[in-house]
Amino acid sequence: MFHPATLLLAWAAFAFALAYLPLGVLGWLLAPVMLLALAFARQRTRMLLRRTRWLLLSIAVLFAFATPGLLVPGPLGRLGLTQDGLALAGEHVARLLLLLTSLALLHERLGTQGFVGGLYWLLAPLSRWTGLRERIVVRLMLVVEFVEHDRSGNWKHWIDEADDSGPASLPLDVRRARWRDRIAVAAVLCALAVLAW
């Protein structure tokens, strides 16, 4: 089993690589990743997709109708729908769906504690600034806890300064990385460097 930071970094590399993949490859990836997410992280996947449904719809409509190119035949073409726009809309929606579903799988695998513990390990270079790494991690942990457990949909009380109903302390599970984690992190960083080159 790999360290949570290794899995987080691998997911970040996957997210970065998605920007370079054409629509055909994205389509082939989307089906198995969606099936895996619905099989092993159904609740998280459904929650993420439900909360981003308007963003997904907006991306699809904006790219489909606002991208110049060859008009599709029929009434939709007269409204401005282009073939290039449909292709771009498909690419961007597929990328976002892959990001969300793979993130749901990762979160289900690690849990909130593992997710935040991995981030804490990755933020080690910030430890020279006293308390900065801890503040980032604690704020992220609080946001994730509120988002996962608040079903009311009333987010305005999150920013109310008078609301001090949060926990007095938060446990943080920080594990030591092993040699295989360091090798995997080095491999992922090398792959990212090659991809970015």
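A salt bridge is counted when a side-chain nitrogen of Lys or Arg lies within 4 Å of a carboxyl oxygen of Asp or Glu. By that rule, glutamate 91 forms a salt bridge with arginine 95, their closest N and O atoms being 3.4 Å apart. The model is predicted, and it holds 2 salt bridges.

- Glutamate 91 and arginine 95 are separated by about one helical turn, because they stand 4 residues apart in helix α6.
- Glutamate 91 is buried, and arginine 95 is buried as well.

- Arginine 44 and glutamate 108 join their side chains in a salt bridge, with an N to O distance of 2.8 Å.
- This pair links distant parts of the chain, since arginine 44 sits in helix α3 and glutamate 108 in helix α6 (residues 83–122), 64 residues apart.
- Arginine 44 has a relative accessible area of 17%, so it counts as buried, the limit being under 20%.
- Glutamate 108 has 39% relative accessibility and is therefore partly exposed.

**Positive patch on the surface**
- A patch of positive charge on the surface is made up of Arg42, Arg46, Arg50, Arg51 and Arg53.
- Helix α3 (residues 42–51) gives the most to this patch, with 4 residues.
- Arginine 51, one of the patch residues, lies in helix α3.
- With 42% relative accessibility, arginine 51 counts as partly exposed, a class that runs between the buried limit of 20% and the exposed limit of 50%.

Technical notes
Residues numbered from 1 in each chain as written. Predicted model: local features only at pLDDT ≥ 70, side-chain atom pairs only at ≥ 80, totals over all residues. Heavy atoms only, no water. Patch = residues over 30% accessible without salt bridge, like charges linked within 9 Å, V, L, I, M, F, W, Y side chains within 5 Å. Areas by Shrake-Rupley, 256 points an atom, 1.4 Å probe, with all protein chains shown as cover. Lys, Arg positive; Asp, Glu negative; His and termini not counted. Charge placed at Lys NZ, Arg CZ, Asp CG, Glu CD. Helix = DSSP H or I, 4+ residues; strand = E, 2+ residues; numbered from the N terminus. Buried < 20%, exposed > 50% of the residue type's maximum accessible area, 1.4 Å probe, protein only.
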